[in-house]
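Open the structure in your viewer and keep the sequence panel beside it. The tour goes from one selection to the next and says what is found at each stop.

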Amino acid sequence: MGAKITYAVTAAVLVVYFVLVGSRGVMLIQTGTLLTITFGVAVLILPVIGIWFLWKNTQFVSRANRLAAELDAEGGLPVDELKRTPGGRIDRDSADEVFARRKAETEDAPDDWRSWFRLAIAYHDARDTPRARKAMQHAIALHDGKPVRA
């Protein structure tokens, strides 16, 4: 729940920032000189890109949470069997061991979104965020019946 609150607060702060930056861009455009209009348009592009990025990220999180809820209802969420250091961090060898099992599971059932979901979690536990995100995107696409890029 803490992660959801953090995400919501961060998103809200970003929206406020986008509004402030956007208003500065509009003010620059209203000045009316060629230079300020050019800068104003450039300044307005930044919030547009930020809003698009925030929207895509929110969609991704929402879809991943939907899959997690569905997998939880089926009793298919992976059990946390990872060893931890005294400081609470995941032991690297333990994460690698679980990752190898999840990878083999996914290779055995490449069209099952559930195995890709569990692989994404294993990637995340192994601190490989880019691959975790790609695996989760793959799971979402399989679940939604969309074409999957190899």
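**First stop: helix H5**

Select Arg-133, which is found in helix H5; helices here are DSSP runs of H or I with at least four residues, strands are runs of E with at least two, and both are numbered from the N terminus. The model is predicted, so local features need pLDDT of at least 70 and side-chain atom pairs count only at pLDDT 80 or more, while totals for chains, interfaces and linings use all residues. Residues are numbered from 1 along each chain as its sequence is written, and side-chain values use heavy atoms, with hydrogens and water left out.

Is Arg-133 buried or exposed, or something in between? Arg-133 counts as partly exposed because its relative accessible area is 32%; buried means under 20%, exposed means over 50%, and partly exposed lies in between, with a 1.4 Å probe and protein chains only.

Now show the neighbours of Arg-133. Leaving aside residues up to four places away in sequence, Arg-133 touches Asn-57 and Phe-60, where a contact means heavy atoms within 4.5 Å. With Asn-57 there is also a polar contact between the side chains, at 2.9 Å. A polar contact is a pair of N or O atoms within 3.5 Å; within protein, one must be able to donate a hydrogen and the other to accept it, and residues adjacent in sequence count only if both atoms are side-chain atoms.

Step back to Asp-128, in the loop between helix H4 (113–125) and helix H5 (129–144). Asp-128 counts as buried because its relative accessibility is 19%. Its side chain is joined to that of Arg-131 by a polar contact of 3.1 Å.

Arg-127 has its place in the loop between H4 and H5. What is the phi of Arg-127? Phi is near 65°, a positive value in a residue other than glycine. Arg-127 is counted as partly exposed because its relative accessibility is 43%.

Select Arg-118, in helix H4. Arg-118 counts as buried because its relative accessibility is 14%. Which side chain does the side chain of Arg-118 meet in a polar contact? The partner is Glu-105, at 2.7 Å. Not counting residues up to four places away in sequence, Arg-118 touches several residues, including Leu-71, Gly-76, Pro-78, Arg-102 and Asp-112.

Go on to Ala-100, in helix H3 (residues 92–108). At 44% relative accessibility, Ala-100 is partly exposed.

**Helix H1**

Move to Gly-25 in helix H1 (residues 2–31). Gly-25 counts as buried because its relative accessibility is 0%. Beyond residues up to four places away in sequence, Gly-25 touches Gly-40, Val-43 and Leu-44. Then pick Gly-76: its C-alpha atom is separated by 49 Å from that of Gly-25, and the two residues are 51 apart along the chain.

**The whole chain**

Clear the selection and zoom out. The chain has five helices and zero strands, and its elements run α-α-α-α-α from the N terminus on. Along its principal axes, the C-alpha trace spans about 65 × 40 × 25 Å. The radius of gyration of the chain is 21 Å, whereas a compact globule of 150 residues would have one near 15 Å; the value is taken over C-alpha atoms, and the globule rule is 2.2 Å times the number of residues to the power 0.38.

Colour by burial next: buried residues make up 30% of the 150 residues in the chain. Among contacts with a separation of 6 or more, 49% are between residues 24 or more positions apart.

Finally, colour by charge. The chain has 20 positive and 17 negative charges, and their mean positions are 10 Å apart. Lys and Arg count as positive, Asp and Glu as negative, and His and the chain ends are not counted; the place of a charge is NZ of Lys, CZ of Arg, CG of Asp or CD of Glu.
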